[in-house]
Amino acid sequence: WMTLSAPVLLQIGALGDLAFTPGTYAYVGTAQRSRSARVRRHLRIEKPRRWHIDYLRPHVTIESVTLCTGRRDDECRLAERIMAVTGAKRGHPGFGASDCRCGGHLLFLPSDSLPRMPPEPGSHHS
C-alpha cells in the first residue's frame, strides 16, 4: 500500500514509458523463498532495479504492508479480490506480472474506497 504524491513519468523496463497519477496504489507480489527479505528489499529505495516495482519505489511513500499466506499463483487472485472489494483498477497492464498472464499486480485505488484509520495513540495529527 503506497501513496504517490505527484505525477511521474518513468521508463519501466520492457514496459516502456509509463505515466503514474498521484494517489494510492496497492502492489501484490509473492516471495517464494524468504518473504521477510523480499519485503525488506521492496521497502528500500536504493537498490538495483530488478522488478517493475523497483522503478516506482523511489517516488512513493509506503503506507503499510499486508502479508497473506498462499501460493505463488494466488497473487493474481488476490489482485482480483482487492479490485472487487475496493473498486481499484489496474495501474498499468502487465506491471508486476511479467511471469504470469493476468492484467497486472499494481492497482490504483479510487480515493473514496480507502478506509479511514483513526490516529495512532499518542500521535499528533493536525
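Analyst: Strand β4 (residues 23–27) and strand β7 (residues 106–109) run antiparallel and are joined by four bridges. The model is predicted: local features need pLDDT of at least 70 and side-chain atom pairs count only at pLDDT 80 or more, while totals for chains, interfaces and linings use all residues. Residues are numbered from 1 along each chain as its sequence is written, and side-chain values use heavy atoms, with hydrogens and water left out.

User: Why are β4 and β7 called paired?

Analyst: Two strands pair if DSSP finds at least two bridges between them.

User: What makes β6 and β7 a pair?

Analyst: Strand β6 (residues 89–90) is linked to β7 by two bridges in the antiparallel sense. The definition asks for at least two, so β6 and β7 count as paired. Lys89 has Phe108 in β7 as its bridge partner.

User: Why is β6 called a strand?

Analyst: Strands are DSSP runs of E with at least two residues, and helices are runs of H or I with at least four, both numbered from the N terminus. In total the protein has three helices and seven strands, in the order β-β-β-β-α-α-β-α-β-β from the N terminus.

User: Which strands are the edges of the open sheet?

Analyst: The sheet has five strands in the order β5-β1-β4-β7-β6, with antiparallel pairing. Its edge strands are β5 (60–62) and β6, each of which pairs on one side only. Strand β1 (residues 2–4) pairs with β5 over three bridges in the antiparallel sense, and Leu4 stands opposite Val60 in β5.

User: Why is His52 called buried?

Analyst: Buried means under 20% relative accessible area, exposed means over 50%, and partly exposed lies in between (1.4 Å probe, protein chains only). His52 has a relative accessible area of 13%, so His52 is buried. His52 is in helix α2 (residues 52–56). Not counting residues up to four places away in sequence, His52 touches Ile12, Leu15, Gly94, Phe95, Gly96, Ala97 and Ser98 (contact: heavy atoms within 4.5 Å).

User: How many of the residues in the protein are buried, as a percentage?

Analyst: Buried residues are 31% of the 126 residues.
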